[in-house]
Amino acid sequence: EVIYTGWLKGYGQLMIVDHGGGFYTLFAHLSKILKGKKEHVEKGAEIALVGDTGIEESSGLYFEIRERGIPRDPSGWFASR
């Protein structure tokens, strides 16, 4: 479920998704947010478009996983296929 969308200093346009169990993902520097607050997000759904908002000088995506407010290394979440 989307719990936040909006502008945050340094991050630009930001979206936070609550996955339950204390896990959250953050997506920042977005050019366009496609899901609204309190919307349910299905696996594989398009939720936003990458941009250059915030402190970025070129297009790119900032992605973060948090567990109960603590940032976690996302590399373990992505299995090679």
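**Strands, core and pocket of a predicted model**

Colleague: In which sense do strand E1 and E2 pair, and over how many bridges?
Modeller: This is a predicted model. Strand E1 covers residues 2-8, and tryptophan 7 stands opposite glutamine 13 in E2. The two strands pair in the antiparallel sense, over six bridges.

Colleague: Which residue in the turn between E1 and E2 has a positive phi?
Modeller: E1 and E2 form a hairpin, with three residues between them. The positive phi, about 90°, belongs to glycine 10.

Colleague: How many bridges join E2 to E3?
Modeller: These strands also form a hairpin, with two residues between them, and glycine 21 in its turn has a positive phi of about 65°. Glycine 20 has phenylalanine 23 in E3 as its bridge partner. E2 and E3 run antiparallel, and the bridges that join them number seven.

Colleague: Which element gives the largest share of the lining of the largest pocket?
Modeller: The largest pocket has a volume of about 680 Å³. Its lining has 27 residues, and among the closest to its centre is Phe27. The elements that give two or more residues are E2, E3, E4 and E5. The largest share, five residues, comes from E3.

Conventions
Residues numbered from 1 in each chain as written. Predicted model: local features only at pLDDT ≥ 70, side-chain atom pairs only at ≥ 80, totals over all residues. Heavy atoms only, no water. 1 Å grid on protein atoms, 1.4 Å probe; cavity = no way out; pocket = protein on both sides within 12 Å on 5 of 7 lines; lining within 4 Å. Points joined across faces, edges and corners; volume = space filled by probe spheres on them. Helix = DSSP H or I, 4+ residues; strand = E, 2+ residues; numbered from the N terminus. Pairing = 2+ DSSP bridges.
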